[in-house]
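Reader: I would like to learn how to read side-chain contacts in a model. Please take one feature at a time.

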Amino acid sequence: MRTKYQFRNVEVREEGSGPAVVLVHGYPLDGDMWADVSRRLSPKFRVLRPDLPSRRDTPHPSQPSIREYASWIAAVIDAAGGRAGVAGFSMGGYVLLELLRARPETVAAAAFVDTQAGADDAAGRQARNRAIFTAREMGPSAVSDGMIPKLLSAGSRGRPDLVARVRAIVRRQNPNSIENDLLAMRDRADSLPSLGAVSVPALIVVGSEDAITPPAKAAAMAQAIPGAALVSIPGAGHLSPMEKPDEVAAALSGFFEKALR
Ligand code: MLT
């Protein structure tokens, strides 16, 4: 079994066989945030978990945008066969929404995990600008380290092994990726008006204690996307794929099994 494939000199993590499923990570993270879920999906699916641009060996855009990130994921899907089930976590969900607008033929089924469809409001954009300023003045870890408690539920914050794994992923992100992600998220489009046009099977997954993209936002997405199902993960915060991989993998597996049959 291949564990990686080379694509434009980039190594994309890959495991398993079956219908292709692409897992798109969030901020300030990389494809390793999906490792536990990927392992659980791999008996039934060919699972790919690429890094978004601005990371290790991926392209570094001069004008980062969610559109640019989506075109990178479309290129990965093109290279892997042209069509896949896609799960997007948080910022990865923003990328998936853009992919559905720009390259809908690449998405066979869409799972939105701990994410939202709206754009940043004025206060949100100001907060991104402050974070960009702090990252430039004090270094990216001054911003990204502060994210760790917000990513996890109260129960997960009491699990030292999990906290250490999350911290290791956050700390290894290069300074460019932190600033580029913040710029891309700050300027992303409002996807709320396009939710009614989503025409592939859709699933919404949300941690019951998600403090960044709370359950109310997930419920609004589920209501607006025709036929979408909503699954709540009890006891998980924002980073449900790392906090509760059994439950998240079970939800994704059942969904993709039916949708990609
Ligand atoms: C993420 O988890 O990808 C980000 O926190 C999302 C955001 O800040 O909007």
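**Side-chain contacts**

Author: Arg 39 and Asp 36 form a salt bridge through their side chains, 3.0 Å from N to O. The term means a side-chain nitrogen of Lys or Arg within 4 Å of a carboxyl oxygen of Asp or Glu. Because they are 3 residues apart in helix 1, Arg 39 and Asp 36 are about one helical turn from each other. Helices (H or I, at least four residues) and strands (E, at least two) are DSSP runs, numbered from the N terminus.

Author: This is a predicted model, where local features need pLDDT of at least 70 and side-chain atom pairs pLDDT 80 or more, while totals for chains, interfaces and linings use all residues. Residues are numbered from 1 along each chain as its sequence is written, and side-chain values use heavy atoms, without hydrogens and water.

Reader: Is Asp 36 buried or exposed?

Author: Buried means under 20% relative accessible area, exposed over 50%, and partly exposed in between (1.4 Å probe, protein chains only). Asp 36 is buried at 11%, and Arg 39 is partly exposed at 48%.

Reader: Which residue meets Arg 188 in a salt bridge?

Author: Asp 120 does, at 2.7 Å from N to O. Arg 188 is buried at 8% relative accessibility, and Asp 120 is buried at 16%.

Reader: How many salt bridges are there by this rule?

Author: The count is 23.
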